[in-house]
Amino acid sequence: MSFATSRVFKACRALLAPARSSAAAATASKASSTASKASSTVTGKIKAKPKPKLTTPTSSKPTGILKVTPVSPALGDFLGSPESSRTEAVKKIWAHIKLHNLQNPANKREIFCDQKLKNLFDGKDKVGFLEIGKLLSRHFVKTD
């Protein structure tokens, strides 16, 4: 067998060999990358490019439903503060619902209102969980 044919058959064996596991492949690639880095630093020919820095604004104010706005006195009494974001208000209402077990066990989409929730939700005995956001919108005072 000549040198050229043996080179071809070695390449075929490498292609037909069973695949390594992902852990073994990761270890092998890590070892080869550290070896190439070492050789590049020794020869000085290949230099690693610096990664571009990501710029983010440092003083980004929350907007939309995350913006803290004044709330109605009824919602302020429930939350314990005169200002809140919509997301924080909904979180506290759901915490109250879970704490007092106010979800309908037969239909989890229905919420039974206790006296505190009746004050917020126009005196309704039951509300759907999708209605909560709509019923809360009147409690957030618009400030433009």
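These are my notebook entries on one chain and on its residue Thr143.

**Entry 1, ground rules.** I am working with a predicted model, in which local features need pLDDT of at least 70 and side-chain atom pairs count only at pLDDT 80 or more, while totals for chains, interfaces and linings use all residues. Residues are numbered from 1 along each chain as its sequence is written, and side-chain values use heavy atoms, with hydrogens and water left out.

I looked up the secondary structure and found six helices and four strands, where helices (H or I, at least four residues) and strands (E, at least two) are DSSP runs numbered from the N terminus. Read from the N terminus on, the elements run α-α-β-α-β-α-β-α-β-α. I then looked up burial, and buried residues (under 20% relative accessible area, with exposed over 50% and partly exposed in between, using a 1.4 Å probe and protein chains only) make up 20% of the 144 residues.

I located Thr143 in the segment after helix 6, which spans 131-136. Is Thr143 buried or partly exposed? I recorded Thr143 as partly exposed, because its relative accessibility is 47%. I also checked Thr143 against Pro70: the two are 73 residues apart in sequence, and their C-alpha atoms are 8.2 Å apart in space.
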